[in-house]
Amino acid sequence: MVEKAYQQLAISMIRTGILGFGGGPSVMPLFRHEAVKKYKWMDDEDFGEILAIANALPGPIATKMAGYLGYMLKGKTGAVWAIICHILPSTLFMITLFSIVSILSNSKIIEGMIAAVMPVVAVMLGEMAYRFGEKTLKGLGIVLGIIAFASAYILLQVVHLNSGIAVVLFLIYGMFHFKLLAKWKKGGAMT
């Protein structure tokens with residue numbers, strides 16, 4: 001009989017693999033639902049930290065999250081199991097769709113299906129961004145939260161800095177955040 005943790009991993013990773021439409025970032029709310037709400041493998045704060053670290057590493061975010069969750073629950077074997085279970089549905093679907101792509105390429109029905117799903121993905125991403133914004137304001141405070149948002153916007157949209165480099169810069173700042181905050185509070189610069 002399959003151990004319960006492996007069974008839960010398989011069900012949750014297959015579900016994220018099947019329902020994860022639109023690429024890695026759009027799948028994160030599904031991962032959050034499975035890991036935090038459904039199976040309670042971790043809390044929201046831990047999920048946010050893991051997501052931040054996974055975003056800073058190269059490669060597809062969904063497979064990194066699947067691998068981490070599997071490793072957290074069952075070590076190396078769990079990581080391999082979770083990744084296989086996550087990518088297997090997509091792999092099988094891609095093989096199937098690739099074989100009939102010429103039929104689907106001009107289908108109005110398929111175009112309509114994709115158009116209908118896009119708003120759902122946008123709302124899911126917006127909801128996740130809102131939650132992370134709340135956590136940012138809670139952790140940094142309103143002033144530093146707005147400064148961090150403005151800095152990220154300027155770096156990414158005005159300066160056109162590579163997003164990976166921006167993430168690394170914010171991770172470096174995050175390493176020193178609490179020390180800097182303590183110095184500012186001690187000096188009376190922040191209340």
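Leaving aside its neighbours within four places in sequence, phenylalanine 31 is in contact with Met13, Thr16, Phe47, Ala62, Met65, Ala66, Leu69 and His86. Keep in mind that this is a predicted model.

Now, the core. The largest nonpolar core has 24 residues. Phe31 is among those with the most contacts inside it, along with Met13, Met28, Met42, Phe47, Met65 and Leu69. Which elements give two or more residues to this core? They are helix H1 (4-19), helix H2 (24-38), helix H3 (44-56) and helix H4 (61-99). H4 gives the most, with 7 residues. In soluble globular proteins, nonpolar side chains tend to be buried together.

Step back to the whole chain. It has 8 helices and 0 strands. The C-alpha trace spans about 65 × 45 × 25 Å along its principal axes. There are 191 residues, and 27% of them count as buried. Take the contacts with a separation of 6 or more: residues 24 or more positions apart account for 56% of these. The accessible surface comes to about 12700 Å², and 72% of that belongs to carbon and sulfur atoms.

Glutamine 8 lies in helix H1. Is glutamine 8 buried or exposed? It is buried, because its relative accessible area is 18%, and buried means under 20%. Setting aside neighbours within four places in sequence, glutamine 8 is in contact with Tyr39 and Trp41.

Next, charges. Side chains of opposite charge can pair when their charged atoms come close. How many salt bridges does a search of the whole structure find? It finds 4. I'll show you three.

One joins glutamate 3 and lysine 74, with the closest N and O atoms 2.6 Å apart. Glutamate 3 sits in the segment before H1 and lysine 74 in helix H4, so the pair ties together parts that are 71 residues apart in sequence. Glutamate 3 is partly exposed, at 41%. Lysine 74 is partly exposed too, at 27%.

Next pair: arginine 15 and glutamate 34, at 2.9 Å between the closest N and O atoms. This one ties helix H1 to helix H2, across 19 residues in sequence. Arginine 15 is partly exposed, at 27%, whereas glutamate 34 is buried, at 2%.

Last pair: arginine 131 and glutamate 127, at 2.4 Å, N to O. Both lie in helix H6, 4 residues apart, so about one helical turn separates them.

Terms used:
Residues are numbered from 1 along each chain as its sequence is written. This is a predicted model: local features need pLDDT of at least 70, side-chain atom pairs count only at pLDDT 80 or more; totals for chains, interfaces and linings use all residues. Side-chain values use heavy atoms; hydrogens and water are left out. Buried means under 20% relative accessible area, exposed over 50%, partly exposed in between (1.4 Å probe, protein chains only). Contact means heavy atoms within 4.5 Å. Accessible areas come from the Shrake-Rupley method with a 1.4 Å probe; for residues, only the protein chains shown count as cover. A nonpolar core is a set of buried Ala, Val, Leu, Ile, Met, Phe, Trp, Tyr and Cys residues joined through side-chain atoms within 4.5 Å. A salt bridge is a side-chain nitrogen of Lys or Arg within 4 Å of a carboxyl oxygen of Asp or Glu.
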